[in-house]
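Reader: I am new to this one and would like to learn how to read it. Could you take me through its features one by one?

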Amino acid sequence: MKLLRELFFPLVAVLAAFVLGGIFVWLIGDNPFETYRLLIGSAFSWPDGIGYTLFYATPLIFTGLAVAVAFRCGLLNIGAEGQLYVAAFATAWVGIKFGGTVVDVFGTPVNYSWMTLPGVVLVPLAILTAIVVGAAWGAIPGVLKARFGSHEVINTIMLNFIAIALVSYFTQYHFKQAGDPILQTVPIGAGVHLPRLGSFVPGLPTRIPLNLAFVFALLACVLVYIFLWRTKWGYAIRATGANPTAAEYGGISTGKQIVLAMAVSGGLAGMVGINEVLGYRYRYYDGFSAGYGFTGIAVALLGRNHPLGVLLSALLFGMLIRGGIFVDAFSGKVSKDLVEVLQAIVILFVACEALFRGSFGKFGLLKRSKV
Amino acid sequence: MSEIFTIALIFSTIRTATPLLLAALGGLYSERAGVINIALEGLMLAGAFTAAAVTHYVGNPWVGLVAGIGAGVAVAAIHAVACIRFNADQVVSGTAINILMTGVPAMLSGALFLSSGSTPQIPKDNLIPWTPVVLALLLVFVTWYVLYRTPFGLRLRAVGENPEAADAAGVNVNRIRYSGVLLSGALAAIGGAYLSIGQSSLFTRNMTSGRGFIALAALILGKWRPVQTMLACLLFGLTEAISIQMQGVFKPYGEEIPVQFIIVVPYVLTIIVLAGFIGLSRAPRALGVPYQKER
């Protein structure tokens, strides 16, 4: 019954978004049913549909968890976008500097690397870098809030822009291969590549970029659950989020919890770099994130800031991203931007929970989520 | 150095500061009334797209501008209803508006003009000239006057600082907040329209590229006051103007300064100011707090 109650409201929000989105599609002169068939129908085929859906869901699981952990502490982390950018770049930096990257520039080999570490050392090092750098970038607004009381929302927005400028500078001026028309770094060493799941799963071709990072994402869901509900740190974070004054009287240093929650949140967002750099592109590609950090907000809200909910809604949005490509290709007037519109409507409906409580609340189906 | 600091730079600064100033003044009305408005970016996009699309069809930029304002107000109304009527988290709602406004114009232009996210070119004669620049500067003083010298301004500030007291004094808190948010939609939309049918001649996908957030930063740097906000906008306009002029010109040490270092200035400044290192920037006390009348 409790599960039903938790599922009911997000389902209503998604349904409402699809109805409104359908009306919008109809208004601009296309067939909503055909559009939705393209959008959703393409996600279930094996291996491509499912493989790509899971691949697109991977970064969203990380950013959804990131936003959810901060939410549980009463913080809104709009900075996952910046955190994942600095982390992804740092991961690529480790992969280049310690991965033995030598590239050919106009006929002469140029050595970008300091040394070539073996994979057993380098892969964990690169993964750790993604987490630690993301955590550090996330901790900045945490410290600013705990120490100076400045609002994390504004600071994370500002840090997003700073992060994007910073990594774009390093990419452009220090790690771009001369003559490369694309703003991207030189490739990381072959020893740091994460294996694609196609190497283990029969029937799944390795051309589908779904990789080991997806398994890490599932693990992260479990670890976040354990962290939040089975450790004293998680308890302190949730207590701070529920009622900071009471938590303070209960002997919890709320300032420390804010920094900790933001660091954990940033670390989770940073793990996007593992999927992107080590598992997919094997280099840092400037501006790679299609708003993963912002979609993470929708994922967390829809998933009611619970790891299981985050996983389910990340799969939903992964499916929509996959389907959006088909909408773009095969539909007359509708573009893949429909996915963004649907995502925005879902956020609006979830944010306006009172809208539903007003009409359904008296039946006791819904109660306010404790965020 | 002299290659950069010229009369042209001053004009360029004022031009680039104008959309920021319009959006920031819009944000001021909303935030002084107690409603956080990180939707400024989306509101600007709504104005920019609608103004460009309507001007393309009608051939008259003034009709386009009015339509843009209408679109800005309509989108702001979504934010207002979510925040005021349904007590939605104001930051979450604003984020949703921003995502919505990257999607909707792209979808519409795809359907109307069969392009992915941009409108057709508008002939040069059909662009609005310098009017928004003058309007923006005038609005600074109008806003100052309204805020500090009219009953509406007093109510607006009261509702943002202490809604309970304002309510007890007979002010309709939510009505004032609605006006504040809708006004922000109108002003931000003018700022957006100036980008699409003033400074350039078409709408392109995400053409505001973060200006809504810079406007918000200017509002914070300006401590939610009109004249200070204008100064902050001019400062941010200057950084943008320098970064435009500098590309390939400015080489004090024999190499160009990366443009990224200049772009970052407004953001770093905002963080420093928000932390209280350069005077305290204090938000309206009831900012972000929904008001529920006791029954």
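Author: Gladly; let us begin with a loop. A:Ala290 sits in the loop between α11 (272-281) and α12 of chain A. Helices here are DSSP runs (H or I, at least four residues), as strands are (E, at least two), and they are numbered from the N terminus. One caution: this is a predicted model, in which local features need pLDDT of at least 70 and side-chain atom pairs count only at pLDDT 80 or more, while totals for chains, interfaces and linings use all residues. Residues are numbered from 1 along each chain as its sequence is written, chains are lettered from A and ligands numbered from 1 in the order in which they are written, and side-chain values use heavy atoms, with hydrogens and water left out.

Reader: Is A:Ala290 buried or exposed?

Author: A residue is called buried under 20% relative accessible area, exposed over 50%, and partly exposed in between (1.4 Å probe, protein chains only). A:Ala290 counts as exposed because its relative accessibility is 62%. Its C-alpha atom is separated by 9.3 Å from that of A:Glu81, 209 residues apart along the chain.

Reader: What makes up the nonpolar surface patch?

Author: Patches are made of residues with over 30% relative accessible area and no salt bridge; like charges are joined within 9 Å, and nonpolar side chains (Val, Leu, Ile, Met, Phe, Trp, Tyr) within 5 Å. The areas come from the Shrake-Rupley method with a 1.4 Å probe, and for residues only the protein chains shown count as cover. Here A:Leu15, A:Val19, A:Leu20, A:Ile23, A:Trp26 and A:Leu27 make a patch of about 650 Å². Look at A:Trp26 in helix α1 (residues 2-27) of chain A: it counts as exposed because its relative accessibility is 57%.

Reader: How should I read the place where the two chains meet?

Author: The size of an interface is often given as the accessible area lost when the parts come together. Buried area is that loss (1.4 Å probe), summed over both parts. Chain A and chain B bury about 3600 Å² between them, 83% of it on carbon and sulfur atoms. A:Met158, A:Phe161 and A:Leu348 supply 16% of the area that chain A buries against chain B, more than any other three residues. Counting contacts (heavy atoms within 4.5 Å), the interface takes 42 residues from chain A and 40 residues from chain B.

Reader: How many salt bridges cross the interface of chain A and chain B?

Author: Side chains of opposite charge can pair when their charged atoms come close. The rule asks for a side-chain nitrogen of Lys or Arg within 4 Å of a carboxyl oxygen of Asp or Glu. Across this interface the rule finds 2 salt bridges. B:Arg205 pairs with A:Asp337, the closest N and O atoms being 2.5 Å apart, and with A:Glu340, at 3.5 Å. B:Arg205 lies in the loop between α8 (173-199) and α9 of chain B and A:Glu340 in helix α14 of chain A, so this pair joins two chains. Through shared partners, A:Asp337, A:Glu340 and B:Arg205 form one network.

Reader: Which salt bridge does A:Arg37 form?

Author: A:Arg37 pairs with A:Glu34, the closest N and O atoms being 3.2 Å apart. The two are separated by about one helical turn because they are 3 residues apart in helix α2 of chain A. A:Arg37 counts as exposed, at 53% relative accessibility, whereas A:Glu34 is partly exposed, at 35%. Over all chains the count comes to 8 salt bridges.

Reader: What should I look for in the backbone?

Author: Most residues other than glycine have a negative phi, and most peptide bonds are trans. A cis peptide bond joins A:Trp46 and A:Pro47, with omega about 0°, and A:Pro47 is in the loop between α2 (32-41) and α3 (48-72) of chain A. A:Asn305 is not a glycine, yet has a positive phi of about 55°; it lies in the loop between α12 and α13 (307-330) of chain A and counts as buried, at 2% relative accessibility. In chain B, phi of B:Trp224 is positive too, near 60°. B:Trp224 is found in the loop between α9 (211-221) and α10 and is buried, with a relative accessible area of 5%.

Note on methods:
Buried area = accessible area lost by both parts, 1.4 Å probe.
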